[in-house]
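Visitor: Hi! I'm new to this one, could you walk me through it?
Guide: Happy to, let's have a look together.
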Amino acid sequence: MDTKKISDSLTENQKYIENIYSTSVNSDIVLRNFNLHINNKTYSAFIFYIDGMVLSQAVNDFLLKPLMLKNKSNTENADFESIKDYVFTSLIPQNSIKISESFEDLFLKVNSGFTALFIDSVPYFFCIEAKGFEKRSVEKPSNEIVLRGSQEAFVENIRTNTSMIRRLINNENLI
């Protein structure tokens, strides 16, 4: 497993994730950059998740909208701890949110359907639950019977099928 710690450099974290998940060829990996405004300061940030394993509407409504639209903090001279506290307690209206500082934790959570939030100058990430994948399991094919080999069939759209595979093979190296 990867015991590397999260950096306080947003660019370094993003490049590392892009490299590990091979985002240039993986179409289901989503990295969404945006700006976060706290105490009249602008911080670069991004969210990271696997498409098909989260509810896009939940990410938009309960993560991106609060982070991008709420522009003022009641705190003066925000430091890194107050940014953490402010985001954790005031900006994200989600019941399941955790803070972690290792890439090992990140890979485990994102591969399980969580969404990660990174903020520039903050050496950890916020792990937000927004899971939402198809509940059907992989079944035996009914039209094309196979004598040898896998007895599994995929009948949904490509994104649903890839999310089912990602749930079975929980690994960041899957392309």
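Guide: A word on terms: helices (H or I, at least four residues) and strands (E, at least two) are DSSP runs, numbered from the N terminus. This is a predicted model, where local features need pLDDT of at least 70, side-chain atom pairs count only at pLDDT 80 or more, and totals for chains, interfaces and linings use all residues. Residues are numbered from 1 along each chain as its sequence is written, and side-chain values use heavy atoms, leaving out hydrogens and water.

Visitor: Where is Asn 111 placed?
Guide: Asn 111 belongs to helix 4, residues 103-111.

Visitor: Buried or exposed?
Guide: Asn 111 counts as buried because its relative accessibility is 4%; buried means under 20% relative accessible area, exposed over 50% and partly exposed in between, with a 1.4 Å probe and protein chains only.

Visitor: New topic: which residues of helix 1 are buried?
Guide: In helix 1 (residues 10-20) they are Leu 10, Asn 13, Gln 14, Tyr 16, Ile 17 and Ile 20. They lie on the same side of helix 1, because their arc around the axis is only 160°, taken from the directions from the helix axis to the C-beta atoms.

Visitor: And what does the face turned away carry?
Guide: That face of helix 1 has the exposed residues Lys 15 and Asn 19.

Visitor: What comes after helix 1?
Guide: Ser 22 follows helix 1, with a positive phi near 45°.
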